[in-house]
Amino acid sequence: MPTTVVDRADVVSTDFAKQFKEKIEGKRKQARLPLVLQADFAYLMGLVSGKEKLPEDGAKAQEVLKGLKEAVRMGLLHAARPPAAAAANA
């Protein structure tokens, strides 16, 4: 195989890797809330809308509500951080 072909493939590969990394990092910066917090929020919205129900067991229901309360607290703390700080901790 000619050296020029190998050199060109190396350049193309390097450019692709660089662009792919930039694209991934750009998407990370766009995501304001971690996926776990998004899922907790979706569950909470389901509870509010009546599509979801708390467990029948009072102790389990209380634990679920404690977890949701903590998720909301963490979400508010996460959202209050500047984007650079949030990206550094992601």
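## Helix H3

In helix H3, the residues Ala61, Leu68, Ala71, Gly75 and His78 are buried (under 20% relative accessible area, with exposed meaning over 50% and partly exposed in between, for a 1.4 Å probe and protein chains only). The model is a predicted one, in which local features need pLDDT of at least 70 and side-chain atom pairs count only at pLDDT 80 or more, while totals for chains, interfaces and linings use all residues. Residues are numbered from 1 along each chain as its sequence is written, and side-chain values use heavy atoms, with hydrogens and water left out.

H3 covers residues 58-80, a run of 23 residues. From its first C-alpha to its last, H3 reaches 33 Å, close to the 33 Å expected at 1.5 Å a residue (1.5 Å times one less than the number of residues). At the start of H3, a side-chain oxygen of Asp57 comes to within 3.2 Å of the backbone nitrogen of Ala59.

## Overall fold

The protein has four helices and zero strands, where helices (H or I, at least four residues) and strands (E, at least two) are DSSP runs numbered from the N terminus. Along the sequence the pattern reads α-α-α-α. Of the 90 residues in the protein, 10% are buried.

## The second largest pocket

The second largest pocket has a volume of about 160 Å³, taken as the space filled by probe spheres set on the grid points, which are joined across faces, edges and corners. On a 1 Å grid over the protein atoms alone, a pocket is an open set of points with protein on both sides within 12 Å along at least five of seven lines, and lining residues have an atom within 4 Å of a point.

Eleven residues line this pocket, and Leu37, Phe41, Ala71, Val72 and Gly75 lie nearest its centre. Helix H2 (35-49) and H3 each supply at least two residues of the lining, and H3 gives the most, with six. By class, the lining has nine nonpolar, one polar and one charged residues (Ala, Val, Leu, Ile, Met, Phe, Trp, Tyr, Cys and Pro count as nonpolar, Asp, Glu, Lys and Arg as charged, and the others, Gly among them, as polar).

Rings of Phe, Tyr and Trp (its six-membered ring) pair if their centres lie within 6.5 Å; planes under 30 degrees apart count as stacked, over 60 as edge-to-face and the rest as tilted. By this rule the count comes to one aromatic pair. Phe16 and Phe20 form a stacked pair, 6.1 Å centre to centre with 15° between the planes.

Both residues lie in helix H1 (residues 3-30), four residues apart, about one turn of the helix. Phe16 is exposed, with a relative accessible area of 57%, and Phe20 is partly exposed, at 46%.

Notes. Polar contact = N/O pair within 3.5 Å; in protein donor to acceptor, adjacent residues only side chain to side chain. 1 Å grid on protein atoms, 1.4 Å probe; cavity = no way out; pocket = protein on both sides within 12 Å on 5 of 7 lines; lining within 4 Å.
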